[in-house]
Amino acid sequence: MDIPYTVQPRPDTGLYNAKVGVWLFLASEVMLFGALFSAYILLRVGSAEALWPHGWLNIPIGTVNTLVLITSSITTVMAWASCKMNQFGRFKFFHACTILLALTFVCIKSYEYHDKFTHYEITLTDGRIADGHLVSQEADRVVIHGRFVTDRKELFDLRAAGASHAREEISLERAQIKTMENYGPWHHTYLAIYFTLTGLHALHVLGGALVIGFLWGPGSKLWRRDPERFTNRVEISGLFWHFVDLVWIFLFPVLYLL
Amino acid sequence: MKSEHASETPEQFARHVRRYLFVFYALLFGTLVTVGASYIPFGNREVNIGVALLIAVSKASLVACYFMHLMSERKMIYGILAFTGIFALGLMCLTIASFSDLPRFTVTH
Amino acid sequence: MHTATPTASPSSAHPHSHSSHDEEALGFWRSYIFSTDHKVIGVQYGLTSLSFLLFGFFLMVIMRWQIAHPNQPVPVVGPLLERVLGSVASRGAISSDLYNSFGAMHGTIMVFLAIVPLAFGAFGNYLVPLQIGAPDMAFPRINMASYQFYVVGGLIMFVSFFIPGGAAQAGWTSYPPLSVIIQTDGQVFWLVGMIFLITSSLLGAVNFIATVIQLRAPGMTWMRLPFFVWAQFVTGFLLLLAFPPLEAAGVMQLMDKVAHTSFFLPTGLAVEGVAGHVSGGGSPLLWQHLFWFLAHPEVYVLILPAMGIVAEIIANNTRKPLWGYRSLVYAALSIGFLSFIVWAHHMYMTGMGTKISTFFQTTTMLISIPSVIILTCLLVSLWGGSIRFNTPMLFVMAFLPMFGLGGLTGLPLGLSYADLHLHDTYYVIAHFHYIVAPGTIFAIFAGLYYWYPKVTGRMMNEFWGKVHFWGSFIFMNLIFQPMFAQGMAGMLRRMADGGANYSQARTPEAIGGLAPVILSLHTYILWAAVGLGLVQVPFIINFFWSIRHGRSAGSDNPWQSTTLEWQTPTPPPHGNFAHPPTVFRGPYEYSAPGHATDFTPQNQPN
């Protein structure tokens with residue numbers, strides 16, 4: 001006896017099995033990201049306002065990434081629509097775009113991560129703090145492109161009206177340096193939740209891209225044998241992809257803009 | 001496969017495509033608005049947060065209702081998502097409430 | 001294009017030859033190791049989880065020795081422990097660190113590697129498709145994947161005992177900062193293992209829910225489902241929606257340990273007097289909220305399938321329908337919903353204000369109502385029945401008062417005032433062990449004896465079954481009953497020296513020290529634990545011996561049951577049913593007037 005309702009919907013529920021399955025899975029993903037957003041809220045509310053960063057992420061780059069994902073969402077739905085309209089060639093075109101956009105997103109994200117890992121906060125023995133991007137480092141000196149501050153609090157609100165954006169090349173002797181730490185997840189709980197949320201999201205982007213890539217490539221053979229079943233697979237993977245876009249729609253303002 | 005699309009010819013399906021494109025433009029617009037709004041000094045940070053979340057929820061609803069076809073989905077799916085929403089909100093709100101509702105008197109000697 | 005429709009498919013004309021043909025075609029590995037058949041996966045879950053159950057039991061017996069005889073070498077296994085684990089078990093005695101890791105892993109293994117995989121993974125997988133008249137689970141390959149993730153997670157947990165520094169030591173609850181600041185890697189293994197186990201459960205939950213929604217046979221309406229299926233369905237939702245926050249928390253704690261973040265580490269944290277080099281700004285309570293958001297629904301995951309098993313066996317062995325089927329169903333759904341909003345009753349002592357504590361206290365009291373409804377329905381179902389006292393029925397009848405006791409002793413814990421005194425004492429241990437040990441585990445034993453003839457075609461030995469029952473019943477009560485007294489006297493949990501540090505003997509002038517009579521109970525508990533272990537031996541032998549040498553079941557339906565799993569050949573072939581069965585009646589048509597037999601199967605037309 002074969003498993004029923006793999007393609008034809010069950011009359012009383014109106015759904016085929018995989019659709020129920022993917023929505024259940026997405027429900028669990030809502031809980032997963034919901035818990036991480038709850039953690040973000042708690043950590044931010046628990047922090048002194050002056051010590052919670054603003055403007056540590058590059059907004060134009062984040063906006064571009066948002067537009068990239070939104071575009072990938074429309075190409076995904078168009079890919080499915082092409083299947084429904086029996087236009088296999090256009091399906092191939094649209095999902096090729098989706099995959100390229102997904103890879104673009106991950107590349108931009110990697111650049112952003114790199115930017116954080118090369119950004120250092122250096123406490124000096126004379127009490128000043130030097131903060132900026134690493135230019136070079138040798139055994140006896142470190143060169144950064146950044147600025148000096150006297151109060152650590154000045155490093156936090158970069159979006160404030162009077163925030164200074166002047167940066168210069170600074171050369172420091174190692175002997176002057178008390179501590180030196182880059183803007184990794186260990187540096188501040190804001191960065192911790194940023195890296196965790198966007199890292200987990202990026203893993204979902206890669207996973208989704210892999211599945212869509214498989215359907216675009218080897219999996220597309222099913223189109224000839226059973227086009228309805230293939231279209232359903234495109235729909236299911238599309239639902240996952242839209243969810244990934246949905247999460248980013250919340251991540252972007254929360255982490256970049258607020 | 002949903003019943004409203006089941007009996008459609010490819011030609012009839014084309015009208016859905018127009019709807020998808022419209023949602024796409026709305027999402028692009030919404031993104032630019034949300035970035036712009038974040039620069040407006042409302043004075044109160046909570047207002048910025050409220051505006052940003054409002055725009056985010058609107059964009060998310062567009063993606064969910066049209067791209068994910070939730071507008072014409074089945075009751076079973078709505079039911080699953082309703083409970084998920086209740087529990088996710090419960091987790092968020094009750095946890096935050098437990099952090100803000102603290103005992104009135106603390107020993108300080 | 002041919003798509004699956006509910007009509008006979010040509011390849012399954014004769015079930016038996018279809019199955020053997022299938023297995024020959026598939027070969028050993030695809031039939032028994034990498035199978036996508038829900039019955040094979042169910043047996044795989046069953047055997048793996050029973051092994052972990054035994055391993056978790058051993059950990060406990062060794063812990064009980066240490067509690068009763070602190071720092072004395074463990075008899076028999078002491079030298080082995082020293083050889084395998086090294087200096088933490090020097091002289092064959094259990095050091096405090098080793099005790100703590102045994103404690104943490106006993107809890108983790110019993111909950112996540114033994115009970116849930118048994119109750120949900122084994123019984124659920126094997127029986128749900130059969131009971132709803134389906135050919136398999138909705139997603140057989142995902143089913144196989146969920147078992148594989150479970151095995152990998154279990155192996156990671158098991159292996160963690162043997163790494164330098166040993167296994168996790170901060171309790172199954174893994175509270176930070178302690179869990180993060182302990183320098184060894186056991187906690188990392190725990191966290192990675194948990195991620196695999198959670199993934200396994202999520203995949204399983206998706207499968208179960210989709211299967212029950214989509215694959216019910218024609219005529220199998222929601223209100224004709226056996227209560228066992230309802231229980232597994234609700235359990236699936238609990239796992240689906242409650243586990244992800246723990247997965248998120250697990251990732252965050254892993255980041256804290258490996259990437260030196262401070263999700264759960266507060267500003268100003270000092271370890272052994274030295275300020276930690278952490279960014280600070282984190283919250284230990286955040287972990288507790290996310291952990292208990294899962295762990296409370298988790299306890300209903302532990303009990304609901306057991307209630308399902310009990311319901312099936314009661315109906316069958318009283319030869320009458322269950323009393324209050326609709327109440328049972330609505331109660332199970334209510335428990336499912338309420339279980340998501342009671343979690344902070346595990347956190348009354350964390351400094352929450354009275355308003356929020358009262359909220360959680362209220363929901364906690366509320367959730368006891370559907371639990372009592374279920375117990376009442378099951379109890380009343382016995383009234384007027386023609387009771388057959390076979391081994392499964394004995395376990396099930398003991399389940400009822402034992403679960404009742406365990407549940408009732410939870411009420412003082414749910415009330416925040418009383419919990420002030422009882423939190424983190426042995427009273428809590430006694431409460432939850434009463435529910436899980438002579439509760440869930442008894443239901444599992446009952447289920448094993450009951451469904452054994454469907455899986456193997458043979459009966460387990462009745463005499464040794466009764467020995468197993470009486471021994472387990474007596475010894476479990478002897479182990480856990482004294483713990484209520486110890487808890488009320490103030491003995492705390494997780495003390496490697498068994499409370500000797502707080503004894504009246506050590507500090508006679510202190511108020512509230514533990515009396516000698518309280519501490520003397522340790523010896524009785526230890527002997528009861530040994531007795532409990534000994535009485536499992538005939539069960540283990542019975543279980544394996546009866547596969548080949550047990551009395552033949554005589555028919556495909558030796559218990560004369562009404563539910564669909566008994567209306568198949570034994571064991572059911574691949575695909576379960578030659579054609580999808582049609583269901584004409586409810587699940588418990590026993591002793592219906594006007595019928596020749598005292599049971600009418602669900603798929604019998606008239």
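Chain A splits into domain 1 (17-43 + 51-116 + 187-257) and domain 2 (120-182), with bounds that come from an automatic or database domain assignment. This is a predicted model, where local features need pLDDT of at least 70, side-chain atom pairs count only at pLDDT 80 or more, and totals for chains, interfaces and linings use all residues. Residues are numbered from 1 along each chain as its sequence is written, with chains lettered from A and ligands numbered from 1 in the order in which they are written.

**Domains of chain A**
- The C-alpha centres of domain 1 and domain 2 of chain A are 36 Å apart.
- Seven residues of domain 1 of chain A are in contact with six of domain 2 of chain A (contact: C-beta atoms, placed from the backbone, within 7 Å).

**Chain C against chain A**
- Here 45 residues of chain C are in contact with 34 residues of chain A.
- On the chain C side, α7 (186-214), α8 (227-258) and α9 (284-318) each give two or more residues, and α8(C) gives the most, with ten.

**Helix α3 of chain B**
- Helix α3(B) (residues 45-67) has 23 residues and runs 32 Å from first C-alpha to last, close to the 33 Å expected at 1.5 Å a residue (1.5 Å times one less than the number of residues; helices are DSSP runs of H or I, at least four residues, numbered from the N terminus).
- Its buried residues include Ala52(B), Ile55(B), Lys59(B) and Phe67(B) (buried: 20 or more other C-beta atoms, placed from the backbone, within 10 Å of the residue's own).
- Just after α3(B), His69(B) has a positive phi of about 60 degrees.

Technical notes. A residue is buried if 20 or more other C-beta atoms lie within 10 Å of its own, exposed if 12 or fewer, and partly exposed in between; C-beta atoms are placed from the backbone. Two residues are in contact if their C-beta atoms, placed from the backbone, lie within 7 Å.
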